[in-house]
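Here are my notes for someone opening this structure for the first time. Have the model in view while you go through the points.

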Amino acid sequence: MNVDTLKQSVIDYSKEIGIDKIGFASADVFGELKERLKQQQSLGYQSGFEKGTLEERTEPNRLLPEAKSIISIAIAYPSRMKDAPKSTKESRRGIFCRASWGTDYHDVLRKKISKLAAFLKQQTPDLQSKLMVDTGELSDRAVAERAGIGFSGKNTSIITPEFGSFVYLGELITNIPFKPDSPIEEGCGECTKCMDACPTGALVQGGQLNAQRCIAFLTQTKDFLPDEFRDKIGNRVYGCDTCQMVCPWNKQVDFHLHPELEPEPEIAKPKLKPMLRISNRVFKETFGHISGSWRGKKPLQRNALIALGHFKDKTAVDELIPVMRQDPRPVIRGTAAWSLGKIGTEKAFDAIQEAMNEEENEQVLFEMEKGLQFKKLHEKEG
Ligand code: SF4
Ligand code: SF4
């Protein structure tokens, strides 16, 4: 079979297995990306979750020596939840970002790309290939941009004309010299909505993200969250969708093409208080299959504590006090103290004061002091 016929049969097969968009790119070095990554590194704008060296991230033949092409795929995911449970005064809820709704997309995409690779192998027995989804060395976004899947928006997302930016991306590097597709035209124009809406100023300029200020990254860290971001994260327990939700390309975009990616409302918008005392077993059973659980329960619990403080949820005080006093993890004890201060009832302040007599960890004590400082603020507010 010649390469053009093979390409068409791959495209046809991709539709059969539920791949929503496919594009082909050359496996040339990503020269521009390399320069951009160097700059990001020197500015300290990276998240630290990146895999591989600068060369591995930008030179496909370091990952597959015979690399000739990269097949990029996109799977659309929902942006709206049917029957979303309401957050009530008695039972406040957090929110997982849309990319964490439903079954972990890494698994869903890996399965589809593996099928594609098996199909190719049938047609070309000497196929060499390497698949990647998000956690690989290559930038899914740079590949998708080159393969004409979408353009790179000022919010750094790949924006497809068909599905907006609510797409998961993955790729297969191959040794087959497929004819590359052309990139599509940039479509942001004069718009700056995403940059204006970002709560933390993480989009330092169009297309440039300081991951250290981005809530999507910050919700995944395990240490104390820096003070300046605590009021900004709101009730987000994992990720942030703000710069995508405001994007005009995402207006009216809501695709429900894959049952496994449908949100489970009670998980995607979980009640906050039960998250504080969830056991490892229940955590795994409840959240283990979603991508937002990859860092374990600690960051999510820390974020849930901040969210309860954000809501000034007085009904949480009785549950926060034992967390502050007994949880073995300093980040959780300290954040609980901060949250109690933020809620600011008399009982909360008394509990912080009392717990300070027993607490030995310096950082937790510091958080307790911060918690008590809210008292002056509450008094001023009357
Ligand atoms: Fe800003 Fe949230 Fe977008 Fe990050 S994900 S750039 S914090 S709006
Ligand atoms: Fe581009 Fe506007 Fe969308 Fe930002 S909000 S990515 S500037 S179109």
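**Notes on the model**

1. A quick word on the ground rules. This is a predicted model, where local features need pLDDT of at least 70, side-chain atom pairs count only at pLDDT 80 or more, and totals for chains, interfaces and linings use all residues. Residues are numbered from 1 along each chain as its sequence is written, chains are lettered from A and ligands numbered from 1 in the order in which they are written, and side-chain values use heavy atoms, with hydrogens and water left out.

2. Let's start with Cys-214. Cys-214 is buried, at 16% relative accessible area; buried means under 20%, exposed over 50% and partly exposed in between, using a 1.4 Å probe and protein chains only. Look for Cys-214 in the loop between β9 (208-209) and α7 (215-218). Helices (H or I, at least four residues) and strands (E, at least two) are DSSP runs, numbered from the N terminus. Leaving out residues up to four places away in sequence, Cys-214 touches Thr-200, Ala-202 and Leu-209, where contact means heavy atoms within 4.5 Å.

3. An unreviewed UniProt entry lists Cys-198, Cys-214, Cys-240 and Cys-243 under "binding site". They are spread over 46 residues of sequence yet cluster in space, with a largest C-alpha distance of 10.5 Å. UniProt positions follow the numbering used here, feature names are shortened, and annotations may be inferred rather than shown by experiment.

4. Cys-240, from that UniProt list, is also worth a click. Cys-240 sits in the loop between β10 (236-238) and α9 (242-245) and is buried at 17% relative accessible area. Not counting residues up to four places away in sequence, Cys-240 touches Cys-97, Ile-215 and Ala-216.

5. What surrounds ligand 1? The residues include Cys-198, Cys-214, Cys-240 and Cys-243, along with Pro-199, Leu-203 and Thr-242; a residue is near a molecule or strand if one of its heavy atoms lies within 4 Å of it. By class, this shell has nine nonpolar, two polar and no charged residues. For the classes, Ala, Val, Leu, Ile, Met, Phe, Trp, Tyr, Cys and Pro count as nonpolar, Asp, Glu, Lys and Arg as charged, and the others, Gly among them, as polar.

6. On to the other ligand. Around ligand 2 you'll find Cys-188, Cys-191, Cys-194 and Cys-247, and also Lys-154, Asn-155 and Trp-249, among others. The shell has seven nonpolar, two polar and two charged residues. UniProt's unreviewed entry marks Cys-188, Cys-191, Cys-194 and Cys-247 as "binding site". These cluster in space, with a largest C-alpha distance of 10.2 Å, although they are spread over 60 residues of sequence.

7. Cys-194 lies in helix α6 (residues 193-197) and counts as buried at 9% relative accessibility. Beyond residues up to four places away in sequence, Cys-194 touches Lys-154, Asn-155, Leu-203, Cys-243 and Val-246. Cys-247 lies in the loop between α9 and α10 (265-268), and at 11% relative accessibility Cys-247 is buried too. Setting aside neighbours within four places in sequence, Cys-247 is in contact with Asn-155 and Ile-159.

8. Why is strand β7 (residues 167-174) described as largely enclosed by the rest of the structure? Because eight of its eight residues are buried. Val-167, Leu-169, Glu-171 and Ile-173 point one way, Tyr-168, Gly-170, Leu-172 and Thr-174 the other, and all are buried. In a regular strand the side chains alternate between the two faces of the sheet.

9. Now for the partners of β7. Strand β2 (residues 69-76) pairs with β7 in the antiparallel sense over eight bridges, and Ile-75 has Tyr-168 as its bridge partner. Strand β4 (residues 129-132) is also antiparallel to β7, over four bridges, with Met-132 opposite Glu-171. Two strands pair if DSSP finds at least two bridges between them.

10. Finally, the nonpolar cores. The largest has 51 residues, and those with the most contacts inside it include Phe-96, Met-324 and Leu-340. Apart from it lies another core, of 29 residues, Ile-11 and Phe-24 among them. A nonpolar core is a set of buried Ala, Val, Leu, Ile, Met, Phe, Trp, Tyr and Cys residues joined through side-chain atoms within 4.5 Å.
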